[in-house]
Structure formats: structure tokens, C-alpha cells
Amino acid sequence: MTTGKTMTLKLHVWRQAGPNAPGKMTDYVANNVNEHMSFLEMLDVVNEELTKTGEEPIAFDHDCREGICGACSMVINGIPHGGHKGVTACQLHMRHFQDGQDIYIEPWRAKAFPVIRDLVTNRSAFDRIIASGGYVSVNTGGAPDANALPIPKKDADQAFDAAACIGCGACVAACKNASAMLFVAAKVSHLSHTPQGKVEAGDRARTMIAQMDAEGFGTCSNYSQCEAVCPKEISVKVIADLNREYIKSSLLK
Amino acid sequence: MSSNASDARPVQDTTPLLMQTWQLMNTSIGAKVVMAVTGVGIWFWFLTHMAGNLMIYAGPEVMNSYAAKLHATPALLWVARIALLIAFPLHIGSAIRTNLHAKAARPVAYAYENRSQANPGSKTMLISGLLVATFILYHLAHFTWHWFGADNVRTITIDGLQGIDTYRMVVLGFQQPVIALIYIAAQILLAQHLVHGLYSMCQHVGLWGASWTPAVKRAAYVLAYGVAAGFISIPLSVMFGLVKLP
């Protein structure tokens, strides 16, 4: 990288050697950070330096680095993914920071997301919630013609808006109650707006909420902090969809 | 029963509706439904209470006559009292339960304070609610049980009914600035509790519309602070001498 301003940052990073090891915030100076780097590339540079000095590099989750996989997960200065609207940490660029700025980097904090190492948390709780009901039961057979099932544009749009969820868990990390309602609601709303998923909508809402409660997530208090940090900008409207579906199916099952 | 042993989907449920309601109340979403439903109930009582209080502007005869008639209708009074005696413990109980749940859900706090957006009033619902509940007990001790301020309570006969001179009791009570200021502070606290509460009720029972949910949020401000203004006007009118003893 030849163009762009270079800056120096003062990092405060959560370091924890293992799931049961004690952790603490540790200070690092990040030198030679180009303003065009992504936040994860900045951490790559820091880790390169740490490797040279023999220190263990900072562990963090990442995969696609283009904002679509939901792997990167860090709370930057108190906001999951750093608070730049509609982006994941991997798509957050260093030009949004000032030279010499202090940056606090922490893992998602929730009982249901235990820290594995440094900034990496175990988000299997989400997988178990999906396994409990986040699917559509389809008997195998000949694939129907794509246009044989008419779906109103409005329903398709609502399903698609909810389906944008990448399951990163920023909603849980931001919520004062560490509630997973936006995640679960996105899945329930997504599937219940399609004819294939509508059939099991009630059972799905109940089994997924039962699993969500069992995993130890908090309850929803409508702070809307989840919506504010969601990299896919999913509206709390889906939570109302879930509440309606859940209440209806709990009383009319 | 399903013929397919591997099919994990629930079979036909024959649990009675009352049992289903109880089971729902014990889930995370159900606890919030309890909060919303009892909240609506308490809010309706709050509105009728304000309507009664505003009769103070119609003068001592109208207000005392209303009070005497209300007390001469014990059925109505006790239905309301029993409903509130059920609603308040459920509302407060759900609040404490879900708050403990939320605390347990985040055992390790963030080093850097969470700065994601939220209405400050929404994050302090438990505190504002408990303070208002404390105020209500103090308010009952004053105007209903007469544990203090009993010197201002005088028995009268109005419309052939025995009652207390409510008008006189309220005016003499609010002529003491400390009592008036505590009342005003409690109303403001309650208003900001309701700003989040009124919107939240809709969300918890699944009422959401792209066109009207923003209007509900704005209406919550108008309703919450509007009702508080109605209540607050009474101690202010007494303090400024607009409402006084005849």
C-alpha cells in the first residue's frame, strides 16, 4: 500500500489464554497502520509484530473478510463491530479512527458465548438454536418448478430482509440483557414469510425459544441496541413477528 | 402419535388452556407478555385515577360527591383493588425475574462501557418502576390510610352519604411544598417509565407496523407526559393558590 496516511494507535485488548484461564485487558501500540486497512488487517499487522517478539498473537475469529460470513466478532470501543452503520468489523476501515486514538477491543460478552481464547468466543449456542427448529421439513422428490409457488412480493421482501442475518451475534453482544431475540426472530420471521416455512411456524417459534431460554440468553426489553449494531440492519420488527407467532402458538397449539 | 419414530416435531397437544397460559408465563417471552398486559391494566387505572383527581377543578361539592359515591359502591372499588393487587405483584415480579435473568446472561462486564444506542429511560425501567412503587405506598399511607396528615381529614355528609372531605385533605396536603414536590417528581419519573413502557407493550404482544410504530413511539411521549401534566397541575394549582379552601 503506497498511498494513505499512516497512524499509530493505542490498543487495549482482552487477552485470555483459554476458556478457564483468567483474562485481562492488555495494552499494545499499533505502529504503521495505514488508513485504508480494515480493522482486521490492522490486527494482522499487530500480530506480525507480536510474532517477531515471541509473544502469542491475538486470537480473533475471521473468515470471508467481506462482511457476509458473520465470523468476525469483536466489541470495539463499546460497540460490536465498531459502530459504523451496517458493517462488520472486517469492513470497518482505519480511516474512521484518529491518529493516536485509544481503542478498546473485547470479545462478545455473554454467558451463552464463553470465551475460547482472547477475542474468540464459542457461538455454538446459535447452532443449537437453529438445530432446534430453524429449518423447513421438505419431503424429497422431484424439484418443483421455481415459479409454481406464487409468493407475494411483500412476503418475499420481508423474508429476504430477515434472511440477511449472518448469525454473527452482535445483537447479543450489544444487548444490555445479552438477549438473542433479534437472531432468533430473524430466523423465525424469515421462514414464516415463505409458504414452505409457514406450515411449521408455530412449532418452530416454540422449539427455538425453548432452546434460546435453555442456552441462558437474557430476555428482550426493547432497547433496540441490537438493531443499532446489526451489520445487516435487521429491524426489531422481526421481534414483534416472533412474539406474535410465539404467543399465538403457545395458546392455540 | 407419529408413525415415524425419528420425527421430533410436537404431536397434538391436549393441555388445557389455563395450563398453557401458565406455561407461557414461565418462558422469557411470556414473562414480558405478563409485564405488558399488567402494564396496560395499571395504566387504565392510572387514567381513571387522573380523571377523578381532575374533578378538584370543579370545586369541593363535585369532588366530595364523586368520592362519597365511589366509596358507597364497594363492589366497583374492590374489583379495581383486587385487580391491582394481582397486577402490581405480577408486574414487579416479572421485572425482577427478567432482570436477574439478564444479569446472569452477562457474567463478565465490558471494560469499555457499552455505547450502542438506547433510550436512557429504557435502561432504567427497574429503578424508575421501583421508585414509583415506593411512592405509591407512601401516597396510599398519606391519602388512603391516613398514617400521617390525619389532622387534615374531616368527616362530612354529602348527598346523604358519609364520607371524608377529600377536597380539603388534598388542598391542605399540597399546601406543604415537600409533599407537592415529591408528588411532582414521582409523576415525572412515571412519565419517563411510560415513554418506554407504552411502546414496549405493543412490541411484546407483537403489534408492529412500518407506518404506525414510529407514531406509537411519539404518541407514548405525548400520552406519558400529557397524563403526568394533568396530575402535576393539581399540586401546582394548590401551591400557586388557584385551588384553595372555600
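Two strands pair if DSSP finds at least two bridges between them. Helices (H or I, at least four residues) and strands (E, at least two) are DSSP runs numbered from the N terminus.

These legends accompany a predicted model, in which local features need pLDDT of at least 70, side-chain atom pairs count only at pLDDT 80 or more, and totals for chains, interfaces and linings use all residues. Residues are numbered from 1 along each chain as its sequence is written, while chains are lettered from A and ligands numbered from 1 in the order in which they are written.

**View 1. The β1-β2 hairpin of chain A and its sheet.** β1(A) and β2(A) make a hairpin with six residues between them. Strand β1 (residues 6-16) of chain A runs antiparallel to β2(A), and 10 bridges join the two. To find your place in the pair, look for K10(A), which stands opposite V29(A) in β2(A). As a reminder, strands of a sheet pair through backbone hydrogen bonds, either parallel or antiparallel.

**View 2. Chain A and its two domains.** Chain A has nine helices and seven strands, and its C-alpha atoms fill a box of roughly 60 × 40 × 35 Å along the principal axes. Domain 1 covers 6-106 and domain 2 covers 124-251, with bounds that come from an automatic or database domain assignment. Their C-alpha centres lie 30 Å apart. Where the two domains of chain A touch, domain 1 supplies 13 residues and domain 2 supplies 10 residues; a contact requires C-beta atoms, placed from the backbone, to lie within 7 Å. On the domain 1 side there are six nonpolar, seven polar and no charged residues. In this grouping, Ala, Val, Leu, Ile, Met, Phe, Trp, Tyr, Cys and Pro count as nonpolar, Asp, Glu, Lys and Arg as charged, and the others, Gly among them, as polar.

**View 3. Helix α2 of chain A, seen down its axis.** The buried residues of helix α2 (residues 124-133) of chain A are A125(A), F126(A), I129(A), S132(A) and G133(A). Viewed along the axis of α2(A), these buried residues fall within an arc of 120°, so they line one face of the helix; the arc is that of the directions from the helix axis to the C-beta atoms. The buried residues of α2(A) pack against α5 (181-192) and α7 of chain A. A residue is buried if 20 or more other C-beta atoms lie within 10 Å of its own, exposed if 12 or fewer, and partly exposed in between, with C-beta atoms placed from the backbone. Of the 253 residues of chain A, 47% count as buried.

**View 4. The largest nonpolar core, around V172(A).** A nonpolar core is a set of buried Ala, Val, Leu, Ile, Met, Phe, Trp, Tyr and Cys residues joined through C-beta atoms within 7 Å. The largest one holds 108 residues, of which C171(A), V172(A), L182(A) and V184(A) touch the most other members. Helix α8 (residues 177-204) of chain B gives this core its largest share, 10 residues. Beyond four places in sequence, the contacts of V172(A) include W108(A), F113(A), F183(A) and F217(A).

**View 5. Where chain A meets chain B.** In this view, 40 residues of chain A are in contact with 41 residues of chain B. On the side of chain A that touches chain B, β5 (102-106), α7 (201-214), α8 (225-229) and α9 (237-251) of chain A each supply at least two residues. The most come from α9(A), with 10 residues. By class, this side of chain A has 18 nonpolar, 12 polar and 10 charged residues.
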